[in-house]
Amino acid sequence: MLSALSVAEKARYIASPNPMVGAVIVKDNQIIGTGFTHKPGCDHAEIDAIKNVYKKFKNEASQKLNNSSIYVTLEPCSKQGRTPACTRAIIEEGIKEIYIGSKDPLQKGIEELKKAGLTVKSGLLEDKCNEFNRGFFSRIERQRPFVTCKIACSEDGGIGLTTGGDKWITSKKSREDVHKLRAASDAILTGVGTVLADNPRLTVRDKALSKLEGEIHPRRYVLDSSLRMKGNEHLLTDGLGTTIFCNDLKKVSYNKPPIKIIEAASESKRVSLQKVMDYLNKEECNTLMIEAGSKINTSFIASELIDEIIFYIAPVKLGKDRINFSEFESSFSKIGTIDLELKEISEIGPDKKLITKPVYS
Ligand SMILES: NC(=O)c1ccc[n+]([C@@H]2O[C@H](COP(=O)([O-])OP(=O)(O)OC[C@H]3O[C@@H](n4cnc5c(N)ncnc54)[C@H](OP(=O)(O)O)[C@@H]3O)[C@@H](O)[C@H]2O)c1
C-alpha cells in the first residue's frame, strides 16, 4: 500500500475533482503494473495499472493478470461516470484479491467485488490514505473544500507594513514552495485589500509543473464587498479568469468573461463566507488555498473554516509598523482562543515552514 500511495503522488496536480488514487498490481510477489488517476475523463488508477501490465507483458498480460492481487489507495468506482466502472475491469481481468486503503462513500466497489467472488481487504493504511484525499473527502462529507491558509511572515508575525514597502518577506525558495502549494490547490482566494496593495497574479510559475497534463493554474477568487478593484489589476486583465464575490452588485467595466461577479451578500455588509463555500462546493472544489491579508484571515478563522495554516517565517522582524497575520492576538501556537497544533516543521533556505492545524474546540 505504501507503493500505491507513492504512485498516487503522480495524480496530485491533475486528478481533481476526482480523488487522487494509486494502484499496484502484484503477481507471485512481483509488481507487474502500477497506475494513477489521470485528468478528469481519462483513466482511473486501476485501469492505468491494467493497461501498463498489457504494455509490459503484451500477449502474456492476460495470463499475468489472472489470479493477481491489486492494492488501491481508494475503493474502486462501481458506477459508470465519465469513464467505465473500474470494478468491471478488475473482475473481467480475473484479479482475485484486492487490498483497499480508504472507502469511497460514493461507490459500492467493495460490495460488488465481494459479490463477484474476490477476496477484499479494506482499511490498509487507512489514515494515510484518508489524509491523502482530505480535499475530496471534505467536499463529499462537509460539502466544502479543505481550506489551507498560507501566511508568509516575519518572526514577529508581520505580513506587511502599514507604511507599505517591500513586497516579499520570505526567500525565493519559500516562494517557489508556495507555487507548488498553489498547483496542488483547486482554487485560491484573496481579498480586495491584498489585490489593491500587491496586485498579485496568483498563478503557478514552476517550469516542471507547467509540463503536467491538464490545467495547472488554480481557479482564482477575490472577496471584494463593494467592487473596489479598478479593472487594470493582473487578476482582471491576464485572460486567465477570476471570480469576484461582492456584497452589492453594481455596474463595472470588467464584468465580462472570463471575469465573473457573484453576489454573496451577508448582514455584515461583507461577503458571506458560507455562500462562498456553497459556491465552491457546487464547482466541485476539493482544496482551497487562502493567500490574503489580515482581514480575510481573521474572518475565516472566526468562522472556523480554516483546516490548516502554513506559515513561512523569515528570519526578520518587522517591528511596530507591521500588519499582523490576523486581527486576533496571535502567535504561532495560538490565535486568539484557538490552539494551533504543530504538525510539521522544516527549513526552506533561511526560512522556517510550519504546518499547523487549528483546534477549534
Ligand atoms: N505575507 C502574506 O502572506 C500576505 C498575503 C496576502 C496579503 N498580505 C498583505 O496583507 C495586506 C492586506 O491586508 P488586508 O487585510 O487589507 O486585505 P485582505 O484581507 O486581503 O482583504 C480584506 C478585504 O476583503 C474584503 N472582504 C469581503 N468580504 C470579507 C469578509 N467576509 N471578511 C473579511 N474581508 C472581506 C473587505 O473589503 P471591504 O473593506 O471593501 O469590505 C476587506 O477590506 C497587504 O499589506 C498585503 O501585502 C500578506
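Okay, strands E8 and E9 to start: E9 covers residues 219–223, the two run parallel, and five bridges join them. Strands here are DSSP runs of type E with at least two residues, helices are H or I runs of at least four, and both are numbered from the N terminus. Two strands pair if DSSP finds at least two bridges between them.

Before I go on, this is a predicted model, so local features need pLDDT of at least 70, side-chain atom pairs count only at pLDDT 80 or more, and totals for chains, interfaces and linings use all residues. Residues are numbered from 1 along each chain as its sequence is written.

Back to the pairing. Leu-189 has Tyr-221 as its bridge partner in E9. To get from E8 to E9 the chain goes through H9, and this β-α-β crossover is right-handed, in the sense that, with the strands pointing away from the viewer, the path from the first strand over the helix to the second runs clockwise. E8 also runs parallel to strand E12, residues 287–290, with three bridges joining them. There, Leu-189 stands opposite Ile-290.

So is E8 buried or exposed? Five of its five residues are buried, so E8 is largely enclosed by the rest of the structure. Buried means 20 or more other C-beta atoms within 10 Å of the residue's own, exposed means 12 or fewer, partly exposed is in between, and the C-beta atoms are placed from the backbone. Both faces are covered, with Ala-187, Leu-189 and Gly-191 on one side and Ile-188 and Thr-190 on the other.

Next, the ligand. It has 28 residues around it, and the closest are Gly-160, Gly-191, Gly-193, Ser-225 and Gly-293. A residue counts as near if its C-beta atom, placed from the backbone, lies within 6 Å. Elements supplying at least two shell residues each include E8, E6 (146–154) and helix H12 (294–302). H9 gives the largest share, five residues.

Last stop, helix H7, residues 134–142, where Gly-135, Phe-136, Ser-138 and Arg-139 are buried. Looking down the axis of H7, these buried residues fall within an arc of 160°, so they line one face of the helix; the arc is taken from the directions from the helix axis to the C-beta atoms. They pack against E6, helix H11 (273–282) and E12, where contact means C-beta atoms, placed from the backbone, within 7 Å. On the other side of H7, Glu-141 and Arg-142 are exposed.

Technical notes. Two residues are in contact if their C-beta atoms, placed from the backbone, lie within 7 Å.
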